[in-house]
Amino acid sequence: MENLLEVQDLHVSFSTYGGEVKAVRGVSFELKKGETLAIVGESGCGKSVTSNSIMRLIPSPPGKISNGSIRFKGRDLLKMKEKEMRTIRGVDISMIFQDPMTALNPTLTVGNQLKEGVKQHQKVSNSEAEKQALNIMDLVGIPNPKERMKQYPHQFSGGMRQRIVIAMALICEPELLIADEPTTALDVTIQAQILDLFHEIQHKTGVAIILITHDLGVVAKIANRIAVMYAGKIIERGTKREIFYEAEHPYTKGLLQSVPRLDLIEEHLTPIDGTPPDLFSPPVGCPFTARCPYAMEVCEKVYPATTHLGSSHQVDCWLQDERGRLVAQPIKQKL
Ligand code: SF4
Ligand code: MG
């Protein structure tokens, strides 16, 4: 199947008083129609910067996309005029954020906001817009949509509000939905319901989803593929099964150990020690060296090449590289 989105060698930096922060350092990935890709990593790893780049929402200055291409249905979004980009944003590609309140207008009823969304992109009568708004409220599982259309955002619970935000994002039937930490602000039960909703929506509409999250646990249900980001790079990628059961990067393994598992009665959650490197002057070698229990001398000096462990599973780690094993000199004995 042909790719809906192709991100190639994306580099994004921000100039600050302290110098240039290299937030994204050569990220590439692709997404097929109807697929869900999860981009997972700690805060500051560059995952939101990556998704904001797709929407061309990087404020410039101080931000700058210094290299790369982002092809959506074959066309490079980075080469488009802003005017053209506006016809893509919210229509072909929609985005939802963590805090539902910022995405909704508190002074308009939910129904009016949805109807306005319809009318922004389609020339339709008021009754047709209303019909579409009702349908979409139904799709996202809001009970009594006719009554609730007349209410304001503050009259909804957090979970219901996030459903309305999802409805707003879907109203123009986008082909790609980018969800940046869509459930982080919600409690666990509601979180699970919203994730089920994504699953259901994808099934019904065929929309492709990029799910950005710091929590690997969140992606278990809905992701087809997972890309793990660390210090501005994708350090491991694979299918859900490959990441959950065959992860090879020590950072991915660390993330997995910090996910609560329902199938283990007595669980020992181990957070990863240390903090990510400073991206003012990113390390030349593997950025995980300072936190990695397996770090070798070579890790500090040279960034590991990508090792292909299978057609879909790739990892950037010297432990998987034969050349790394030949020159292996542990620099720590932390095991
Ligand atoms: Fe650890 Fe070296 Fe692999 Fe980096 S390349 S994750 S430091 S073993
Ligand atoms: Mg973020």
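**Helices α4 and α7**

I started with helix α4 (residues 110–121) and helix α7 (residues 158–170) in this predicted model. I found that their axes come within 9 Å and cross at roughly 20°. Angles under 35 degrees count as roughly parallel, so I can call α4 roughly parallel to α7. I also noted the handedness: α4 passes α7 in a right-handed crossing.

Which residues in α4 and α7 meet? On the α4 side I wrote down V110, Q113, L114 and G117, and on the α7 side I164, A167 and M168. I then sorted the residues of this contact by type and got five nonpolar, two polar and no charged.

**Helix α1 and what follows**

Next I went to helix α1 (residues 47–54) and asked how many of its residues are buried. The tally is eight of eight, so I noted α1 as mostly covered, given that a residue is buried if 20 or more other C-beta atoms lie within 10 Å of its own. The buried residues in α1 are K47, S48, V49, T50, S51, N52, S53 and I54. I see a lysine, K47, in that buried list too.

After α1 comes R56, and its phi is positive, near 55°. I jotted down a reminder here: most residues other than glycine have a negative phi, and most peptide bonds are trans.

**Two cis bonds in a loop**

I stayed in the loop between α1 and β4, where P61 lies. A cis peptide bond joins S60 and P61, with omega about -15°. I stepped along to P62, which has its place in the loop between α1 and β4 as well. The peptide bond from P61 to P62 is also cis, and its omega is near 5°.

I looked up N144, which is not a glycine but has a positive phi of about 45°. I found N144 in the loop between α5 (126–139) and α6 (145–148). Is N144 buried or exposed? I got 9 other C-beta atoms within 10 Å, so N144 is exposed.

Then I checked E173, which is not a glycine either and has a positive phi of about 50°. E173 sits in the loop between α7 and β7 (176–180).

**The four-stranded sheet**

I moved on to the strands. Four of them form an open sheet in the order β2-β1-β4-β5, and the pairing is antiparallel. I marked β2 (19–32) and β5 (75–76) as the edge strands, since each pairs on one side only. Strand β4 (residues 63–72) runs antiparallel to β5, and two bridges join them. Across that pair I noted F72 opposite R75 in β5.

**The eight-stranded sheet**

My last stop was an open sheet of eight strands, in the order β6-β7-β8-β3-β9-β10-β12-β11. Which strands stand at the edges? I found β6 (93–96) and β11 (306–308) there, each with a single partner strand, so one side of each is left without a neighbour in the sheet. Neighbouring strands of this sheet are turned by 20° against each other on average, direction ignored.

I picked out one pair inside this sheet: strand β3 (residues 36–40) with strand β8 (residues 208–213). These two pair in the parallel sense over five bridges. In that pair I located T36, which stands opposite I209 in β8.

Terms used:
Residues are numbered from 1 along each chain as its sequence is written. Chains are lettered from A and ligands numbered from 1 in the order in which they are written. This is a predicted model: local features need pLDDT of at least 70, side-chain atom pairs count only at pLDDT 80 or more; totals for chains, interfaces and linings use all residues. Two strands pair if DSSP finds at least two bridges between them. Axes are lines fitted to C-alpha atoms, for helices over the stretch in contact, and angles run from 0 to 180 degrees between N-to-C directions. Angles under 35 degrees count as roughly parallel, over 145 as roughly antiparallel, 65 to 115 as roughly perpendicular and the rest as oblique. A crossing is left-handed if the near helix is turned anticlockwise from the far one by less than a right angle, and right-handed if clockwise. Two residues are in contact if their C-beta atoms, placed from the backbone, lie within 7 Å. Ala, Val, Leu, Ile, Met, Phe, Trp, Tyr, Cys and Pro count as nonpolar, Asp, Glu, Lys and Arg as charged, and the others, Gly among them, as polar. A residue is buried if 20 or more other C-beta atoms lie within 10 Å of its own, exposed if 12 or fewer, and partly exposed in between; C-beta atoms are placed from the backbone.
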